Amino acid sequence: MLRTLIVGAVVSSSFAGPALADWWIVRSSDQECLVVDIKPTGKGITKIGKDSYKTAEEAEADAKKLCKEPTLAPKLDSDED
């Protein structure tokens, strides 16, 4: 449900006046990164990057750096042999 709302906000924002909007990079609870023009609030959403961006292009460029695929966690030594 939350993911649907975020995606809906992104899609609808593309039709609204983006020239006047601030942009944010958010990471949802499922670790997906999105660039949105609605100030992120609520549980399960983490704002990352700068406080806000003036253009969507600037936010998207920073998101590419900040939201790379996570690396695999190192294997922990187990007691089993």
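Predicted model: local features only at pLDDT ≥ 70, side-chain atom pairs only at ≥ 80, totals over all residues.
Residues are numbered from 1 along each chain as its sequence is written, and side-chain values use heavy atoms, leaving out hydrogens and water.

Start with the whole protein chain. Of its 81 residues, 27% are buried (under 20% relative accessible area, with a 1.4 Å probe and protein chains only; over 50% is exposed, and in between is partly exposed).

Colour by secondary structure next. The chain has two helices and three strands, in the order α-β-β-β-α. These are DSSP runs numbered from the N terminus: helices are H or I with at least four residues, strands E with at least two.

Now select A21, W23, I25, V35, I48, Y53, A56, A59, A63 and C67, which form the largest nonpolar core. Such a core is a set of buried Ala, Val, Leu, Ile, Met, Phe, Trp, Tyr and Cys residues joined through side-chain atoms within 4.5 Å. Strands β1 (23-28) and β3 (45-53) and helix α2 (56-66) each give two or more residues to this core; α2 has the largest share, three. Another core, of five residues, lies apart from it and includes W24, V26, L34 and I45.

Finish at V36, in strand β2 (residues 33-36). V36 is buried, at 6% relative accessible area. From V36 to V26 is ten residues in sequence and 7.4 Å in space, C-alpha to C-alpha.
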